[in-house]
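The sequence and structure follow.

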Amino acid sequence: MRQTNKSIVSFLARASRKKEKRKEESKKRKDRKMKEKWKETKTKAKSKGGKVVELCSSFGKQRGSMVALIPYITAGDPDLPTTAEALKVLDSCGSDIIELGLPYSDPLADGPVIQAAATRSLARGTNFDAVISMLREVLPQLSCPVSLFSYYNPILKRGIGKFMTIIKDAGVQGLMVPNVPLEETEILRMESSKNNIELVLLTTPTTSTDRMKSIVSASEGFVYLSELRWSDWYSHQCQCPSSDSATRHQIEATSKPVAVGFGISKPEHVKYVAEWGADGVIVGSAMVKLLGEAKSPEEGLKELETFTKSLKAALI
């Protein structure tokens, strides 16, 4: 009886290994097909005279610093004219890429500062069409690329293909959608590729190795590494570690640029990120807070300029 049980267990184990191997091979075939489709799409775009813009090129020619500075602001907070001026200020201060958040009513992936900014922006009547109209006027005046940060619902509302076409025509070069898991990004990646929009994907230091490799492989432009523990270190005024094995592992696991963000709000923070070997640093809430809580738009813009210059100086 024991021999029979051992045989059954052995048979089931072999069957399980074969099943996992088939799943892995199937996934690899699917990934190869997707890459072939993206390559074909971009080749067609080039043949039609389309300009294929690569965000990653901004990491190879940082404006006077070893690590790219990527600020984030919310569109329409405190108002769209101020957002337009803020984009110009960030560009003039040496930003390598600017992330612009589209306000959304249920921004669960954001912290309280950016959630409040989105609420204020929507209350003042900011909408997608108004943001795009502003971008059409401002982006030709900038020397650095702009990437949008949008939740999935506004994209679905307009249709994925139409949304991509609209932001491409406005001059946007990248897109991040925080509430869509990797397994559901296939259509997004295809449509963004058709329109020469680079879809940036997010990972964390706690993401498993296999999943992280899949995310890194699919991400375009750069990889957004969300270092959630920064907010804890900052709120408790702890000494930020100069070395972190999990974060370093993520950074070293890919040849693509890796930008670290979430809760980074001081010049000393960006220095730590640079020491970790990151290619870029993303600063969001601190920027948004300056603009949203200033006594006037003019004062907010002045404070934004001073703050951005201090971050840039920390990276030189």
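## Packing of α3 against α14

In this predicted model, the axes of helix α3 (residues 80-92) and helix α14 (residues 297-315) come within 10 Å and cross at roughly 20°. Axes are lines fitted to C-alpha atoms, for helices over the stretch in contact, with angles running from 0 to 180 degrees between N-to-C directions; helices (H or I, at least four residues) and strands (E, at least two) are DSSP runs, numbered from the N terminus. The angle therefore makes α3 roughly parallel to α14 (angles under 35 degrees count as roughly parallel, over 145 as roughly antiparallel, 65 to 115 as roughly perpendicular and the rest as oblique). The crossing of α3 past α14 is right-handed (left-handed if the near helix is turned anticlockwise from the far one by less than a right angle, right-handed if clockwise).

On the α3 side, T82, E85, A86, V89 and L90 meet P297, L301, L304, E305 and T308 of α14, contact meaning heavy atoms within 4.5 Å. By class, this contact has six nonpolar, two polar and two charged residues (Ala, Val, Leu, Ile, Met, Phe, Trp, Tyr, Cys and Pro count as nonpolar, Asp, Glu, Lys and Arg as charged, and the others, Gly among them, as polar).

## Packing of α4 against α13

The axes of α4 and helix α13 (residues 285-293) come within 9 Å and cross at roughly 40°. That angle makes α4 oblique to α13, and α4 passes α13 in a left-handed crossing.

V113, I114, A117 and R120 in α4 meet S285, V288, K289 and G292 in α13. Four nonpolar, two polar and two charged residues make up this contact.

## Cavities

A search of the whole structure finds two cavities of 30 Å³ or more. On a 1 Å grid over the protein atoms alone, a cavity is a set of points where a 1.4 Å probe fits but cannot get out, and lining residues have an atom within 4 Å of a point. Grid points are joined across faces, edges and corners, and a volume is the space filled by probe spheres set on the points.

The largest cavity has a volume of about 60 Å³. Its lining residues are Y72, T74, L102, P103, Y104, P107, D110, I114, A118, F149 and Y151; β1 (68-74) and α4 (112-123) are the elements that give two or more residues. The lining has nine nonpolar, one polar and one charged residues.

## Backbone geometry

D77 and P78 are joined by a cis peptide bond, with omega about 10°; P78 is found in the loop between β1 and α3. N196, although not a glycine, has a positive phi of about 60°, and is found in the loop between α8 (186-194) and β5 (198-203).

## Basis of the values

Residues are numbered from 1 along each chain as its sequence is written, and side-chain values use heavy atoms, with hydrogens and water left out. Local features need pLDDT of at least 70 and side-chain atom pairs count only at pLDDT 80 or more, whereas totals for chains, interfaces and linings use all residues.

How values were computed. On a 1 Å grid over the protein atoms alone, a cavity is a set of points where a 1.4 Å probe fits but cannot get out, and a pocket is an open set with protein on both sides within 12 Å along at least five of seven lines; lining residues have an atom within 4 Å of a point.
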